[in-house]
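Trainee: Please take a close look at the aromatic rings in this model. I would like one connected account of how they pair and what sits over them.

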Amino acid sequence: MRTIQNNYGFLFFVGVLVLIAVISSATENSNFLPLVHSDVSSNADDRDDIEALYIRAREFDANGDLEAAILRYTDIIQRDPTYSVAYYERCWLHYRLNHHNQAISDCNQAIELNPTYVKAWAALCYTYEDMDEHDRAIEDCTRTIELDASYAGAYTARADAYRYLGDYDQALADYNRSLEIDPYNGVTFNNRALLHRAMDNDELALADYNDSIKYYDPLTDYGFYITWHNRGLLNDDLGNYDQAIHDFRKSIDMNPTYIRAIVSLGELFETLERYPQALELYETVVRLEEYGVSEPDYDTSYIPDQIDY
């Protein structure tokens, strides 16, 4: 049986055709962010300027112009260097752009200003995990959980780190806890399925991939095409070739430049001696590479494009 291996680093933010969700609020016990820090200048014009900049930053973020949003948060910080929310928001934007060092710097500044800032700790955890610094990610995820034991995303990220380190029992415990808190999270189902695969439990893995697809949320699961590819790989290994073809095609439909899925489908067609179809897919890969599209450097796990899922 041909087995396709996926030895990639952790994703937290991938390639093209990304559906960017608006970052959820950074206030720990509210659904709305404070637009002006309490210590900002009492000048009404200054407060109005900061509020206007904050609104514009959110608008740019919602429209996918992350660089423009970063500039607005930078302006806010220049006006009020004690505004921890602006550091957190800029941290998360840097993270989504794979600017890891800048993200870490801003996260640390937000935490220095507010040591119990849960989302800043979570963002720090995600950034270190994205950099494959799994031990450090575990530390920061654990701190996030200490501050907020109901933070499902921190359990999932910590589980991913434990999985990479081979501590499958702890990883399973964290995935399970995350799903107890948020039982309809497609991302966590996808990542737990990878753990079941590593533990040679394909039946449970398939069930988790099915649930991941069932609970897909287009506002957060921008990497959802990865789940279709993952399930295709499993069905391929199980000899469910028609289902595998369907899954690979769904992945490609959602992201036509996802080289991994195109190659997987081509290899399956080659196995089935459907050579013209395989050749057509390989030619597509060559064209994509000529245009500068490369094999993504991440594992087939992922997290959604907002931090408090």
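Mentor: Start with a definition. A charge sits over a ring if NZ of Lys or CZ of Arg is within 6 Å of the ring centre and within 35 degrees of the ring normal. Keep in mind that this is a predicted model. Arg56 lies over the face of Phe60, and here the distance to the ring centre is 4.4 Å.

Now the ring pairs. The structure holds nine aromatic pairs. Take Tyr54 and Tyr73. Their ring centres are 6.1 Å apart and their planes meet at 65°, so this pair is edge-to-face. Tyr54 belongs to helix α1 (residues 44-62) and Tyr73 to helix α2 (residues 66-79), so the pair ties together parts 19 residues apart in sequence. Both of these tyrosines are buried.

Tyr184 and Tyr215 also form an edge-to-face pair, with 5.1 Å centre to centre and 70° between the planes. This pair links distant parts of the chain, 31 residues apart. Tyr184 is in the loop between α8 (168-181) and α9 (186-198). Tyr215 is in the loop between α10 (202-214) and α11 (224-237). Tyr184 has a relative accessible area of 55%, so it counts as exposed, the cut-off being over 50%. Tyr215 has 21% and is partly exposed, since buried means under 20%.

One more group to find on the model: Trp92, Tyr95 and Tyr126 form one aromatic cluster.

Note on methods. Residues numbered from 1 in each chain as written. Predicted model: local features only at pLDDT ≥ 70, side-chain atom pairs only at ≥ 80, totals over all residues. Heavy atoms only, no water. Phe/Tyr/Trp six-rings, centres within 6.5 Å; stacked < 30°, edge-to-face > 60°. Helix = DSSP H or I, 4+ residues; strand = E, 2+ residues; numbered from the N terminus. Buried < 20%, exposed > 50% of the residue type's maximum accessible area, 1.4 Å probe, protein only.
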